[in-house]
Every structure is written in C-alpha cells, then in structure tokens.
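Here are my notes on this model, point by point. Please read them with the structure open.

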Amino acid sequence: MRLLFTLLSFLYISPSFISSGRQSDRHPVAVSIPADDKFPVPAENISRLFFVQRSPNTNTIIYELNNKDGRLDPENPIHVYWLRYADKGQKEELNYVQRKFAYGLTTRPLGNDQYDVRFVSYKKFPLTLMKAGDGKYHIFANIEQKQMILSRIFIKIEGGSFWLPNVVYIELKGTDPATGREITEHFKP
C-alpha cells in the first residue's frame, strides 16, 4: 500500500518536475545544496543513459540502453529499473503500475537511429535517444536552452502533504556534447 501511495505522489508531482522544454515554463531558482542532500551515484555502466533521484529516499531509477544480442532492441530501446539504495542496494524491476503510470517511458522511432522518448507520466517533456559524435547512444534534452546529453534529474521535496508535496526545486544535469562542459539547470516548477 505504501508503494502505491509513493507512486501516486510521484504521479502528482511529475507534471511539475519536468518542463515542456520551453524556457518560459521554467522558473530558475538559486540553490545551495546542503551536505545531507548527497545521494549515491550509480556505478558507471556503458549502457546507462541517465537516472532520476528524489529527496524522500536514495532509491534511484536507472534508464539504460536495452541491448538484445549486442544490438539496440528497436521495439523497446530503453530498460528502466530501480537501484534500491534505501534497502540493500539491490537492482529491482519496475512493477506494472510504475512502468505504465509513473517512471516508464514511451518510445517512437524517428528514423536514422533516433527515437522520440517521453515519460509516461508527463509526455510534454521531449527527450531524444540518438547517437552522438562519439558513436554511442545518449539521451538528449534541452537544458539551459541548449541540446545537452542528459545524465541526471533530481527532485528536492521538503514537506507538504502526501497529495501535495512541496517541490523546492528540480535539477537537470547534462553535458554539452560539443565542449564536454557540464551544465546544470535548477528551477522551481
């Protein structure tokens, strides 16, 4: 039951945690991140595209390439799962409700090894799965009005209620593929 409430809480905040990509929808906020907000960084994995973390606990949702026989699975190119750091750090598959209503993705082939990717809980935030100059697949998103390789989404929640959490800020972190410079955007939804 607690899991269902957690999922419903995510569904409630997901429209505000992800912007439509238009800068006018985002409200930048100055953020100082206290030491107790340090979360574990998942071990490097050549298949990992990005991950999502939220302040209520350290459990992390991983989004990685779904390789089938060494090739990208065109029907389901991204595999989504948990790293349950708050438990024993084990890997755990998303259940049906999590996949279909909260953390799952929809993908649509665009041709030329590119895919339109959307969160099932908020389809207005466009992501693109495609190969970069390094010849590897990455997830691209607009961060600070630039097309960047997305690496992390973090949602800072302080208080509020179960049905209406107080989202303090959202952080999108990515890398400029041209310069290799890390870009971070903080905004209040």
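**Notes on the model**

1. Asn112 sits in the loop between β8 (105-111) and β9 (114-119). Strands here are DSSP runs of E with at least two residues, helices are runs of H or I with at least four, and both are numbered from the N terminus. Asn112 is not a glycine, yet its phi is positive, about 50 degrees. Its relative accessible area is 76%, so Asn112 is exposed. The cut-offs are under 20% for buried, over 50% for exposed and partly exposed in between, with a 1.4 Å probe and protein chains only.

2. A word on the source. This is a predicted model, in which local features need pLDDT of at least 70, side-chain atom pairs count only at pLDDT 80 or more, and totals for chains, interfaces and linings use all residues. Residues are numbered from 1 along each chain as its sequence is written, and side-chain values use heavy atoms, with hydrogens and water left out.

3. Gln145 also deserves a look. Gln145 has a positive phi of about 60 degrees and is not a glycine. Its place is the loop between β11 and β12. At 59% relative accessibility, Gln145 is exposed.

4. Now the charged pairs. Side chains of opposite charge can pair when their charged atoms come close. The whole structure holds five salt bridges. The term needs a side-chain nitrogen of Lys or Arg within 4 Å of a carboxyl oxygen of Asp or Glu.

5. Which strands does the pair Arg152 and Glu171 tie together? The two side chains meet in a salt bridge, 3.0 Å from N to O. Arg152 lies in strand β12 (residues 146-160) and Glu171 in strand β13 (residues 165-175), so the pair links parts that are 19 residues apart in sequence. Arg152 is buried at 14% relative accessible area. Glu171 is buried too, at 3%.

6. Arg84 pairs with Glu92, with the closest N and O atoms 3.4 Å apart. Arg84 is buried at 10%, whereas Glu92 is partly exposed at 31%. Asp116 pairs with Arg118, and here the closest N and O atoms are 3.1 Å apart. Asp116 is buried at 12%, whereas Arg118 is partly exposed at 22%.

7. The largest pocket holds about 930 Å³ of space. Of its 41 lining residues, Glu44, Arg48, Leu49, Leu150 and Ser151 are the closest to its centre. β2 (48-54), β11 (137-143), β12 and β13 each give two or more residues to the lining. A pocket is an open set of points on a 1 Å grid over the protein atoms alone, where a 1.4 Å probe fits, with protein on both sides within 12 Å along at least five of seven lines; lining residues have an atom within 4 Å of a point. The volume is the space filled by probe spheres set on the points, which are joined across faces, edges and corners.

8. What classes of residue line the largest pocket? The lining has 19 nonpolar, 10 polar and 12 charged residues. Ala, Val, Leu, Ile, Met, Phe, Trp, Tyr, Cys and Pro count as nonpolar, Asp, Glu, Lys and Arg as charged, and the others, Gly among them, as polar.

9. Last, Gly159. Gly159 belongs to strand β12. Gly159 is exposed, at 53% relative accessible area.
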